[in-house]
Amino acid sequence: MNTFTIVLLVILAVLVIALVVLYFLGKKAQKRQEQQQAQIDAMKQTISMLIIDKKRMKMKDSGLPQTVIDQTPKLMRNSKLPIVKAKVGPQIMSLVCEEKIFDSVPVKKEVKAVVSGIYITDVKGLHGKPIVSPAKKKGFFKRALEKAQEKAGAKPVK
């Protein structure tokens with residue numbers, strides 16, 4: 001065999017090993033995430049709160065309790081989290097919001113939120129109605145693409 005074939009076989013073997021390792025790590029992470037979700041579901045409760053402010057900020061600047069910051073992995077401490085500052089009863093708290101509902105959380109309004117510890121998992125209006133997030137503004141290229149498709153007579157892609 002020539003050297004080119006040997007090099008290709010070695011690269012292929014390394015790629016196969018990497019894919020197998022990633023597969024098993026993904027299954028392990030998925031099991032861990034399912035366990036965490038079960039814990040969140042077991043501890044959730046509905047609370048009425050006034051949303052004061054919401055921002056994406058680093059964990060050390062967020063105003064979360066020091067014990068929470070100490071328990072997080074060192075790599076996660078520098079990443080930005082969706083933080084909601086809310087008045088729950090007489091006290092003001094900093095809470096971590098779920099990423100997929102962060103944009104729909106209204107500011108300066110009273111809402112009913114499903115909370116698990118310091119983690120907001122769902123937000124509804126004060127009377128139990130789901131909050132509709134405002135329509136996201138389209139960028140320049142999407143608008144230009146839609147105009148071009150309208151002129152061509154094609155159906156616009158959303």
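## Salt bridges

R56 and E99 form a salt bridge in which the closest N and O atoms lie 2.5 Å apart. This pair connects distant parts of the chain, since R56 belongs to strand β1 (residues 45-58), while E99 sits in the loop between β3 and β4, 43 residues apart from R56. The model is a predicted one, and within it R56 counts as partly exposed at 38% relative accessibility, as does E99 at 45%. Together with D103, these two residues are linked in a network of salt bridges.

A search of the whole structure finds five salt bridges, and among them is the one between K55 and D53, whose closest N and O atoms are 3.9 Å apart. K55 is partly exposed, with a relative accessible area of 45%, and D53 is likewise partly exposed at 30%. Another salt bridge joins the side chains of K100 and E98 at 3.4 Å, N to O; here K100 is exposed, with a relative accessible area of 70%, whereas E98 is buried at 15% because buried means under 20%.

## A patch of positive charge

On the surface, K137, R143, K147 and K151 gather in a patch of positive charge. K137 is placed in the loop between β5 (119-125) and α3 (140-152), and at 75% relative accessibility K137 counts as exposed.

## Helix α3 and the backbone

Helix α3 has 13 residues and reaches 18 Å from its first C-alpha to its last, close to the 18 Å expected at 1.5 Å a residue. After α3 comes G153, which has a positive phi near 90°.

K108 also has a positive phi, of about 65°, although K108 is not a glycine. This residue is found in the loop between β3 (91-97) and β4 (110-116), and K108 counts as exposed at 65% relative accessibility.

Definitions and conventions
Residues numbered from 1 in each chain as written. Predicted model: local features only at pLDDT ≥ 70, side-chain atom pairs only at ≥ 80, totals over all residues. Heavy atoms only, no water. Patch = residues over 30% accessible without salt bridge, like charges linked within 9 Å, V, L, I, M, F, W, Y side chains within 5 Å. Areas by Shrake-Rupley, 256 points an atom, 1.4 Å probe, with all protein chains shown as cover. Salt bridge = Lys/Arg side-chain N within 4 Å of Asp/Glu carboxyl O. Lys, Arg positive; Asp, Glu negative; His and termini not counted. Charge placed at Lys NZ, Arg CZ, Asp CG, Glu CD. Helix = DSSP H or I, 4+ residues; strand = E, 2+ residues; numbered from the N terminus. Buried < 20%, exposed > 50% of the residue type's maximum accessible area, 1.4 Å probe, protein only. Expected span 1.5 Å × (residues − 1).
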